[in-house]
Every structure is written in structure tokens, then in C-alpha cells.
Amino acid sequence: MKAALLGCVVAGLLAVATAAASWPGSPLRAGAPERSDVLSVVFLAATACAFAAYIAALLLLRRRGGALAAACALAIAIQLVPLAGPLLLSQDAYAYWDYGRLATQHDANPYAVAPSRFPADPAARAMAPAWRRSKSVYGPVFTGASAGLAQASGRSGETAAFAYRLAAATGMLALVAVAALVAPVPAFGVDFVGWNPLLAIDFAGGGHNDVWMMVLVLGALALAARHPRLSGSSWALAAGVKWIALGLLPLSLLRGPRARAVAAGFLVAASAIAAAAFLGFGTTWLTAVVPVAQRHAGWAVPSRLGALGLPGWLALVPLAIAVPWLVRSARAGRGRLGLTSALLLIGTPWLLPWYAVWAVALAAIEEDAVAWVLTLALCAYLLPDRVPI
């Protein structure tokens, strides 16, 4: 009962944050001029308190347990609250829209042509200026989906942004459902994923695509034992959304009792996706990862180390040290994918708040206290990122 009350507190505080973002002239709206004001303070205070209530609820649930139905109902409420507000903190949804419009409205290859080629397009005007000269960095599966959403959205930026936010919120609910099926303690898995206020802000609020990659990854793990070929296909689709999913596949194969069948399913599906991508985009889609690999985010741990006068590569040391242990653990039947994802996030030079879903989703379905602590610490660290304070 106390945990459920804390879940209601999380939802209520998210409503306060959403109201602050919805206020006319709020700097929290995507694309608004960056400036610190009282609305930013209210937003950050509300989300920070919501995160504290979320942590308290998790601690209670680990000690006393909780009802799955109540956990799911509150997860739905929490993850849908930001849909009532505007597009938050990031203009990535407009970039998705633009890459889709390049293919559908301009008959152009988004992996070969940058949005700046069509400066009068409403999507190009709406997206962040820093990305207008960048070609698509997303996988061909997501690019195909973006083309469909662009066709449905027409020329309305508001409609397009809401479509991506609704899709991302739906993805969060799907992620909650899969976590309930896969997690050793279903109610805890649901709460770990579905009550997280950072994820609600970034997906229902921001419309980012990482959630669907993780739905497919968790789906692959759920299917591995009984339907290994379908599991492999799900891994391939996840990589077709964002390539980073491939970094987790080897440990999953080491752990899996039917690894050969999973690998076979992956190769068949990946070959089909690659063939379709070659037909649609030539060879240019293979270079999608390069622009991101060359970028550095201010909140990334390597950037923080650099600001202190230390080499950024030190952020990779924990992962490098852990790799032999992670491999041994996977061979023994325990993949520890949540911990691996958290260590990857610590080491990456391009770290954004919504990337936290990689670790949150995987830590939720594993009995791994180290992964829980590290993942929650990362979420707390990323909570203020992009908030104009």
C-alpha cells in the first residue's frame, strides 16, 4: 500500500513538471531559447522529488513485495502523464520526421542527403540547427518506420511530434509488459521500468526511439528459450532501429542454451533487413554509425573527465576490467546485460538522458543489485541534463 502511494506521488509530481513545461513561454519546450527561470526550477524540483519517491518505492517493494495489477496501473499512469504537455527538452522527434520526409516527400536518401538540402521543409526548420547538416544516424528499420509516420503526419510539426511521443509512450507500455513477463519478480520489474520518471519525460515527453530498440531486445530475451529463431529475428530488428543492440548480443549468445538457433534466426533476419536496406538506400546506410561515434556530449563521463584534465579513456576502464568477468558469468548462464549496459553508458562519449533506458530495461529483469545501484545512479546523474538551469 505504501509503495502504491509513492507511485501516486511520482505521477502527481510528473503532472506538476508537465504543467511547468506547458506554461506559455516555458524554456522547457523543445526548440525554446535556453534560459533559466522559475519554470525550469519547478520542473527540475518536481522531477527530482518524483525520482526520490521512485527510489523509495523500489526499496519498499524489495522488502515487502507488491501487487502486479497495481504496479501496472501506476506504470501506465506515470508513463502517459507527459503526453499532456509539449515536446520536451529535445528536438530529435523533428529530426526523425525530417529523415522520413526526405524519403517520402523529396525522394531522397536520408543516409546520403542532409536535411539542409531542403531548407524550406517544415521538418528541417523545426529540427535542431546542429543536426541539419547531418545525415541519418539511425538503422534502416527505424528509417522505414519514420517514412510511414512522416507520410501520416503531413506538414504539421505538432502532429509529427505528438505521433513520435505517442509511439514512444506506447513503447514504454510494451516494455513494462515484457518486463512483467521476463522479470524474476514481476511487480519489481514493472516498477523499475514503468515508475521511472526520467523515462516518462524522455519518451512520452520527448518521443525518442531507444525504447523500441529495448522492447525488441527484451522480446528477444523472452523468446530465447522456446522460440530461439524468433529471438534472433528480434535481435536483428533491434539492431535495425539502433546499431548499439549488437553490443549486447554476444553476451546473450554466450548465456543462451540455444545460442546456435538464436544466431541462425539473427542471420536470416539481418540478411533480409540488409537486403531491403541495400535496395532502398544503397550502401550509404552502412555509415550511419560514424557521425555519432565522432561526437562528444557534455554530460558524458569522458567529457567530464576531460574537463578535470584527465584522459577521457579512463571512463572505459571499468568496462575493460569487467569484460573477462562478464564473459565468465555469461558462460555460467548469467548474462548480466544490465550491468554491461550501465558500463557501456559510463564509457560512451555520446551520452544522452534517454539512453538510460538501455540499462533500466535490462537491470529490471535481472536479479543483480550492482546493476540496480549503478543504473539508478546513472538515471539520477542524467536527470538534470538538458534542463535549462
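Colleague: What is the mean pLDDT of the protein, and what share of its residues reach 70 or more?

Modeller: This is a predicted model, and pLDDT is the predictor's confidence in each residue. Here the mean pLDDT is 92, and 98% of the residues reach 70 or more.

Colleague: In which helix is confidence lowest, and in which is it highest?

Modeller: Where pLDDT is low, the predicted coordinates should not be read in detail. In this protein, helix H14 (residues 290-293) has the lowest confidence, with a mean of 54. The highest value, 98, belongs to helix H9 (residues 197-203).

Colleague: How should I read the crossing of helix H4 with helix H6, and at roughly what angle do their axes cross?

Modeller: Angles of 65 to 115 degrees count as roughly perpendicular. The axes of H4 (residues 92-104) and H6 (residues 140-153) cross at roughly 85° and come within 7 Å. H4 and H6 are therefore roughly perpendicular to each other.

Colleague: Which residues meet where H4 and H6 are in contact?

Modeller: H4 contributes Tyr96, Trp97, Gly100, Arg101 and Thr104, while H6 contributes Phe142, Ser146, Ala147, Ala150, Gln151 and Ser153. Sorted by class, this contact has five nonpolar, five polar and one charged residues.

Colleague: How many cavities of 30 Å³ or more does the structure hold, and what lines the largest cavity?

Modeller: A cavity is a space where the probe fits but cannot get out. The structure holds three cavities of 30 Å³ or more, and the largest has a volume of about 50 Å³. Its lining consists of Phe43, Thr47, Leu89, Leu198, Ile201, Asp202, Pro353, Leu383, Asp385 and Val387. Helix H2 (38-64) and H9 are the elements that give two or more residues to this lining, and H9 gives the most, with three. The lining residues divide into seven nonpolar, one polar and two charged.

Colleague: Which residues line the second largest cavity?

Modeller: Met213, Ile244, Ala245, Leu248, Ser341, Leu344 and Trp358 line the second largest cavity, which has a volume of about 40 Å³. By class, six of these residues are nonpolar, one is polar and none is charged.

Colleague: How much space lies in the second largest pocket, and which helix gives the most to its lining?

Modeller: A pocket, in contrast to a cavity, is open. The second largest pocket holds about 360 Å³ of space. Among its 18 lining residues, Pro140, Ala239, Trp243, Leu246 and Trp285 are the closest to its centre. Helix H11 (228-241) and helix H13 (259-281) each give two or more residues to the lining, and H13 gives the most, with four. The lining has 15 nonpolar, two polar and one charged residues.

Key: Residues numbered from 1 in each chain as written. Predicted model: local features only at pLDDT ≥ 70, side-chain atom pairs only at ≥ 80, totals over all residues. Heavy atoms only, no water. pLDDT = per-residue confidence, 0-100. 1 Å grid on protein atoms, 1.4 Å probe; cavity = no way out; pocket = protein on both sides within 12 Å on 5 of 7 lines; lining within 4 Å. Points joined across faces, edges and corners; volume = space filled by probe spheres on them. Nonpolar A, V, L, I, M, F, W, Y, C, P; charged D, E, K, R; others polar. Axes fitted to C-alpha atoms, helices over the stretch in contact; angles between N-to-C directions. Parallel < 35°, antiparallel > 145°, perpendicular 65-115°, else oblique. Contact = heavy atoms within 4.5 Å.
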